[in-house]
Amino acid sequence: LPWTRELRQVVLAMNQMTARVRQLFSEEAAMAEQWHKEAYLDPVTELGNRRHFEARAAHLLNSTEEFSHGALLLLQLHKLQTYNEEHGFAAGDELLRQTAAILQKACSGVSPLVSRLNGADFAALIPNLPSGEVQALAKTILAAAIGELHPAGLTQSVDVAHIGIALCQYGDKLGETLARADQALRMAQQKGPGQFHSLDRLNQSAVQFGTLAWQSHLQQYLTRKALVAHGQPVYSLASPIRTVHYEVLLRAREADGSLTPAGAFLPMAARH
């Protein structure tokens with residue numbers, strides 16, 4: 001501070017103004033950080049939320065340097081809403097936090113993008129991992145969920161979760177990849193407790209649209225009377241010329257005349 005009284009007053013005023021500006025910048029930075037957390041972080045698990053996942057996943061799928069191939073895993077806890085109603089939301093939140101910890105631990109060595117999408121759904125986009133290792137990872141996650149969550153009293157049974165896997169590669173559209181993972185999840189749920197199912201880009205059949213579009217698509221099947229039955233004979237091994245019985249397989253005829261197998265649409269019919 002200068003000794004001259006007039007200059008001292010000016011410098012003091014400038015110092016006060018500088019301190020105030022610094023405080024304002026600090027408050028703005030803290031507020032921006034809070035807004036960022038509210039916009040992109042799930043408050044229960046502190047993982048990224050759906051908005052964060054969609055932004056980062058869309059970037060990864062279009063990044064030649066970061067993503068050549070990989071998989072999108074969609075994990076859904078079994079009957080979370082029922083668990084919340086019977087045990088309270090605090091217990092449900094703890095179940096979500098422990099599930100998030102299991103996912104992060106299992107995927108820690110493969111540089112994943114792990115997020116909680118909503119409710120009971122978690123997603124992990126894993127870059128540059130072979131399909132065989134992806135399936136091994138899904139088994140590890142489900143084994144950890146059953147082995148840790150149920151003994152800890154966080155679930156009512158060993159039917160803890162299911163995983164749907166969509167194998168993908170650079171340039172794939174996120175919406176189609178999510179739809180394929182959701183379809184795989186429904187097929188896993190039909191297999192039984194603690195199961196996973198994988199779909200690649202070639203066997204996706206009629207899953208090129210999203211989950212919400214399935215309801216109207218199924219209604220179109222009924223309106224167009226598109227469900228058709230295919231019979232095939234089953235012969236006796238002892239007497240190959242004798243027909244034991246017939247198996248009748250369900251198919252859906254698409255608008256272009258192609259046939260969609262029951263495995264592609266029955267899981268969505270059960271859901272809706």
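Strand β1 (residues 69-77) pairs with strand β4 (residues 161-169) in the antiparallel sense over nine bridges, and histidine 69 stands opposite glutamine 169 in β4. Two strands pair if DSSP finds at least two bridges between them; helices (H or I, at least four residues) and strands (E, at least two) are DSSP runs, numbered from the N terminus.

The model is predicted, so that local features need pLDDT of at least 70 and side-chain atom pairs count only at pLDDT 80 or more, whereas totals for chains, interfaces and linings use all residues. Residues are numbered from 1 along each chain as its sequence is written, and side-chain values use heavy atoms, with hydrogens and water left out.

An open sheet of five strands has the order β2-β3-β1-β4-β5, with mixed pairing. Because β2 (113-118) and β5 (196-199) stand at its edges, each with a single partner strand, one side of each is left without a neighbour in the sheet. Two helices pack on this sheet, in contact (heavy atoms within 4.5 Å) with the strands listed; angles run from 0 to 180 degrees between N-to-C directions, with axes as lines fitted to C-alpha atoms, for helices over the stretch in contact.

| α2 (residues 50-61) | β1, β2, β3 (121-127), β4 | about 140° with β2 |

Elsewhere, nine bridges join strand β6 (residues 227-235) to strand β7 (residues 243-253), which run antiparallel, and valine 234 has histidine 245 in β7 as its bridge partner.
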